[in-house]
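Open the model in your viewer and keep the selection panel at hand. Each stop below says what to pick next and what is there.

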Amino acid sequence: MSAAADAAVLEAVVEVRHGAGFALTAALDAAAGETVAVMGPSGAGKSTLLAALAGLVPLHGGHVRLGGTVLSAPGRTVEPARRDTVLLGQDPRLFPHLSVLENVAFPLRARGVRAAAARERARTLLDRVGLVDAAPRRAADLSGGQQQRVALARALAASPRLLLLDEPLTSLDPGTAGEIRMLLAELLRPVTCVVVTHDAVDAVALADRLVVVEAGAVTQTGPVREVFAAPATDFVAGVAGLGRVPGEVRGGVWSAGPLVLPAPHTPDGPAVLVCPPARVTLAAAGAAASVHRVEQTLGGVLLHLDVPGLACELPFDVWAQHPYAPGDRVAVAVDPTAARFLPA
Amino acid sequence: MSRPGGGYTPRLLAVPAALGLAFLLVPLTALVARVRWETLWRDVTAPDALAALGLSLVTAAIATVVCVLAGIPLALLIARSSARTAGILRALVTVPLVLPPMVGGVALLLLFGRTGWLGEVLGAIGVRLPFTTAAVVLAQVFVALPFLVLAVEGSLRATGTGYEQAAASLGAGRWTVLRRVTLPLAAPGIVAGVVLCFARALGEFGATALFAGNAPGVTQTMPLAVYTAFNGGGVGQGTAVALSLLLLVAAVAVLLLVRGWRPGAAR
């Protein structure tokens, strides 16, 4: 799926400072046709990174190179209109004074394509996003999901060498977001793309590679599923839906309260156990704990235990047979093959 | 917001409200009542009256074009400045709006007069502005420009730069963005501004009287003709009332145009 063997089309080292409080230093590459997801906590610098790639924010250091051309360097920023880079944000920003068709034809007309040819190409793109019937309508008459489809068709009409998506599904309801996600996955396949998202589902569905930005620096990068399977930070573990249990390692053994696990290659000191809740099981030979809180989820039931951060996921029918309640005594075991330790 | 007949306003407020409305409308009724309809056509088509009407329309139209050419760029500059700079610029633009027009006329005379900064320079190349038709236009631009700038600036600021950013990202250069995105989106504000600007130029009196004078056919616009007629010179009193009626009709026409283009009404 990935074209990682190709030379990088996008090659960026972004250094941006806002006053004294905020500094971002992040390297990001993308091969031709590759989609790279960027995730990170709020305020980590994801949107600044995207704005720097789009030429909306000047660089204090580093460079943005696209297909060998330097687009940004300290003291020199090529204008957004000349970067061959389209930024599509959470707000589709369809021009309210133009029809849907004219919106999609806009980037072509701006490049001097004749009206008839531009309209024909726009119609083809509208067909690809399933909205050719809406061509004569005003943007304001469309639903949020339809507007985002038109914005996508308009972005593709510009045939950008780099497409930047900033939280493209955030303002949509879950059902619509799912539809647009599938459409994006299909349409983005040949496009070099950087997508900022806070949703792990977007990263898995859309991206080949994931870059994690925390507090203004890249903390982890790699193929999406590999990053989620082996999180390097507490943030990634949380995004991946893994449980995090703070504890302590001493002499190759990790422990937190009654819970004890082998941690052979982990240095002594505080360490966080990271583990999928489904790999925490109730077992007669396990450590003694008590149920602190019961959380109903779509997949079943999560038993939060009195060891902080430790939760055990049960299928609903199992819980229905043994409806554990807060205060109940249980014995839990953590599958040691699924356990990883992060320095606290 | 309360709808007519609804809401929670004290009912007694209807009395001063009605008085206020009457105060605005009754004088206009008195004016219309004094129109001598049998001589209206003759009064309006008298040579002096026609000259004043023609001069008013032509100068106000030229002044409006000048205001558009300078005012839209100025509005863009203010709308895209930082909040602090915009506040200062907006206050400066508002000065002529709150200034008595007479004072504006004095100021223009001191700038363009024989011994004024620009007057001396222009005099050296044989150009004399005061008391010419050009002076009428300058006086009108001085009092009307703020109306256009403030209307357009408000519209530009309300729209923001998000659409312009999207257009630039899609490959549109700065002039294309201006022509195809910025100006069309500001159209309601521009139309309102142009109409207000034209109406203000058409009604301009004080600055014109001082800076351009009152020469029939050269600088005597309709408001000056109305004033002169009432003071007994030139055209008769019947003409004064007839011309006043004409200005009133023009004002109402302008008002109806603006109503259709109030910000928010156009969408």
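**Before you start**

This is a predicted model: local features need pLDDT of at least 70, side-chain atom pairs count only at pLDDT 80 or more, and totals for chains, interfaces and linings use all residues. Residues are numbered from 1 along each chain as its sequence is written, while chains are lettered from A and ligands numbered from 1 in the order in which they are written.

**Stop 1: chain A**

Select chain A. Its C-alpha atoms fill a box of roughly 75 × 45 × 40 Å along the principal axes. Colour by secondary structure: there are nine helices and 20 strands. Helices (H or I, at least four residues) and strands (E, at least two) are DSSP runs, numbered from the N terminus.

Of the 344 residues in chain A, 40% are buried. Buried means that 20 or more other C-beta atoms lie within 10 Å of the residue's own; exposed means 12 or fewer, partly exposed is in between, and C-beta atoms are placed from the backbone. Now consider contacts, that is, residue pairs whose C-beta atoms, placed from the backbone, lie within 7 Å. Among those in chain A between residues at least 6 apart in sequence, 63% join residues at least 24 apart.

Next, colour 8-232 and 242-343 separately. These are domain 1 and domain 2 of chain A, with bounds from an automatic or database domain assignment. Their C-alpha centres lie 39 Å apart.

**Stop 2: strand E8 of chain A**

Select 162-166 in chain A. This is strand E8, and five of its five residues are buried. Both faces are covered. Leu162(A), Leu164(A) and Asp166(A) lie on one side, Leu163(A) and Leu165(A) on the other.

Four bridges join E7 to E8(A), and the two run parallel. Strands count as paired if DSSP finds at least two bridges between them. Val86(A) has Leu163(A) as its bridge partner in E8(A).

E8(A) and E9 pair in the parallel sense, over four bridges. Look for Leu164(A) opposite Val194(A) in E9(A).

Step back to Ser159(A), in the loop between helix H4 (144-157) and E8 of chain A. Most residues other than glycine have a negative phi. Ser159(A) is partly exposed, with 15 other C-beta atoms within 10 Å.

**Stop 3: the open sheet of chain A**

Show five strands in the order E14-E13-E12-E15-E20 (chain A): they form an open sheet with antiparallel pairing. Strand E14 (259-262) and strand E20 (340-343) of chain A each have a single partner strand, so one side of each is left without a neighbour in the sheet. From one strand to the next, the twist averages 40 degrees; axes are lines fitted to C-alpha atoms, for helices over the stretch in contact, and angles run from 0 to 180 degrees between N-to-C directions.

Show side chains on E12(A). Gly243(A), Val245(A), Gly247(A) and Val249(A) point to one face and are buried.

On one flank, seven bridges join E12(A) to strand E15 (residues 269-275) of chain A, running antiparallel. Val245(A) has Leu273(A) as its bridge partner there. With strand E13 (residues 253-256) of chain A, strand E12 (residues 243-250) makes three bridges, again antiparallel. Val249(A) stands opposite Trp254(A), and Arg250(A) is bridged to Val253(A). E12(A) and E13(A) form a hairpin with two residues between them. In the turn, Gly251(A) has a positive phi of about 60 degrees.

**Stop 4: chain B**

Select 14-33 in chain B. Helix H1 has 20 residues and reaches 27 Å from its first C-alpha to its last, close to the 28 Å expected. The expected span is 1.5 Å times one less than the number of residues. H1(B) bends by about 30 degrees at Phe23(B), and Pro27(B) follows within four residues. The bend is the angle between axes fitted to the seven residues ending there and the seven starting there. The number of buried residues in H1(B) is zero, so it lies largely in the open.

Move to Phe131(B), in the loop between helix H6 (117-124) and helix H7 (133-159) of chain B. Its phi is positive, near 65 degrees. Phe131(B) is partly exposed, with 16 other C-beta atoms within 10 Å.

**Stop 5: the contact**

Show both chains. The contact takes 13 residues from chain B and 15 residues from chain A. On the chain B side, helix H8 (162-169) and helix H9 (174-185) each supply at least two residues. The largest share of that side, five residues, comes from H8(B).

Conventions: Two residues are in contact if their C-beta atoms, placed from the backbone, lie within 7 Å.
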